[in-house]
Amino acid sequence: MRSWLQKSANVIGGGLFLTLFIVFVIQVTARFGFNKPMAWTDEAAVILYVWVILWAAAFVVPEREHVVFDLLWNSVNRRARQVMQIVGNLMIGGLALYGIPASWDYVHFMAREGTPVLGVSFMWVFLPFVLLLAALVVRSAWAIWNAIRGLGLEAELRI
């Protein structure tokens, strides 16, 4: 099940990126090839860029690929790493959980506004931020569970 969900998230992320690339090529071709810039391509590219970045951060990029400061992590013993893992993920997951209701209220409030050119509801533009927060909560809970069980506490970065 987890593998299927990860593959689905990768396919969606890849599709979003491919769509962004196609819109970008259309934009460049229209602007520099035909000297006829199209407003919709600018707006679509911005919306797709927001979606690609937040979708990838939430669902595609594995935790080991995120930027980390491991100098302190590698200098302490296993028990200290366990405490650091639990406390750090409690802070990240807790802040994300705390931010979900207000973020959802804002996203829901923005449903009444549309983008200037395409008329896409701003709810759809900002929705991936709420998805990112929810993913952070789930990832943090999973990391805490693994730290309690003593998993993922190696001293060296796993690549």
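**Two helices, worked through**

In this predicted model, I47, V50, W51, L54, W55, A57, A58 and F59 of α2 touch W124, V125, L127, P128, F129, L131, L132, A135 and R139 of α5 (contact is heavy atoms within 4.5 Å; helices are DSSP runs of H or I, at least four residues, numbered from the N terminus). Local features need pLDDT of at least 70 and side-chain atom pairs pLDDT 80 or more, while totals for chains, interfaces and linings use all residues. Residues count from 1 along each chain, and side-chain values use heavy atoms, without hydrogens or water.

**Exercise 1.** Work out how the axes of α2 and α5 are arranged.

*Solution.* Take the axes as lines fitted to C-alpha atoms over the stretch in contact, with angles from 0 to 180 degrees between N-to-C directions. For α2 (residues 39-60) and α5 (residues 122-148), they come within 8 Å and cross at roughly 10°. So α2 is roughly parallel to α5 (angles under 35 degrees).

**Exercise 2.** Check the span of α5, then look for a bend.

*Solution.* Start with the expected span, 1.5 Å times one less than the number of residues. After α5 comes G150, with a positive phi near 85°.

Methods
Parallel < 35°, antiparallel > 145°, perpendicular 65-115°, else oblique. Bend = angle between axes of the 7 residues up to and from the residue.
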